[in-house]
Amino acid sequence: MEATEKKFTMPRIGDKAPAFEAVTTQGKINFPSDYSGKWKILFSHPADFTPVCTSEFMTFASRKAEFDSLNCELVGLSVDGLYSHIAWLRTIKEKIEYKGMKDVEVTFPLIEDITMEVANLYGMIQPGEAATQAVRAVFFIDPQDIIRTIIYYPLSLGRNFDEIVRVLIALQTADAYSIATPADWEPGDDVIVPPAGSCGTAKERMENKEEEQTCYDWFFCTKKLAKEKVEELKNN
Ligand code: BEZ
């Protein structure tokens, strides 16, 4: 690496969420310590007063009750300043009606990060995409402040909020029931039991008669997990 070349670091899944103090639209926060014991979604957007970001913020804010019921706090970030954030959120509330969403109040904190300190700490600046704006990053951080999932989107692609909710529910379900979730899993679908290598041999798992399982091969067994069992995790 050239001496002048800047080294970009990114936290990884399984890492402790890097700590920082920041000014937000809801006052100063210490992250993640202010939210310990809760799930957290820390997400970035490229810029205030842009259309994709506006559609995303309206969607996040409109679905906040769902995140609350999943014991999950939302924290947004862009490299804009506080007064830009405040003006943009006021415009969203007072002027924008989009896909049935109107009068939308963003009550979760939006971090001002003009210095890009937090964005750099979390690898949200990806110079090949944009050197002066954050990409659309989504960090899922558990109650023990461990990063559990990271999703990145480019500037032009608005996030899928059904997927964001699905990931959060799947992580919580995996923790609560010691299972894994197969492709396209939704609450009520069969789950994978137990995750490879977690307990017992594959042969023992296939022979386990206590739980009704469907085995597709020695390494691939599923069992039922009722939707109600997944929904029990809400509001806990
Ligand atoms: C947008 O949110 O619309 C946007 C932001 C930065 C680049 C491209 C689109």
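Helices H1 and H3 are roughly perpendicular to each other (angles of 65 to 115 degrees count as such), since their axes, lines fitted to C-alpha atoms over the stretch in contact, cross at roughly 70° and come within 11 Å. The crossing is right-handed, and the contact (heavy atoms within 4.5 Å) is made by the residues in the table.

| Helix (DSSP run of H or I, at least four residues) | Residues in the contact |
|---|---|
| H1, residues 51-62 | Cys 53, Thr 54, Phe 57, Met 58 |
| H3, residues 82-95 | Trp 88, Leu 89, Ile 92 |

These contact residues divide into six nonpolar, one polar and no charged.

This is a predicted model, in which local features need pLDDT of at least 70 and side-chain atom pairs count only at pLDDT 80 or more, while totals for chains, interfaces and linings use all residues. Residues are numbered from 1 along each chain as its sequence is written, and side-chain values use heavy atoms, with hydrogens and water left out.

Nine of the twelve residues of H1 are buried (under 20% relative accessible area, with a 1.4 Å probe and protein chains only), so H1 is largely enclosed by the rest of the structure; among the buried ones are Phe 57 and Met 58. At 1.5 Å a residue, H1 should span 16 Å, which agrees with the 16 Å between its end C-alpha atoms.

Elsewhere, Arg 166 lies in helix H5, residues 161-177, and is buried, with a relative accessible area of 19%. Not counting residues up to four places away in sequence, Arg 166 touches Asp 184, Trp 185 and Glu 186; the C-alpha atoms of Arg 166 and Trp 185, 19 residues apart along the chain, are separated by 8.2 Å.

Key
Helix = DSSP H or I, 4+ residues; strand = E, 2+ residues; numbered from the N terminus. Expected span 1.5 Å × (residues − 1). Buried < 20%, exposed > 50% of the residue type's maximum accessible area, 1.4 Å probe, protein only. Axes fitted to C-alpha atoms, helices over the stretch in contact; angles between N-to-C directions. Parallel < 35°, antiparallel > 145°, perpendicular 65-115°, else oblique. Left-handed = near helix turned anticlockwise from the far one by under 90°. Nonpolar A, V, L, I, M, F, W, Y, C, P; charged D, E, K, R; others polar.
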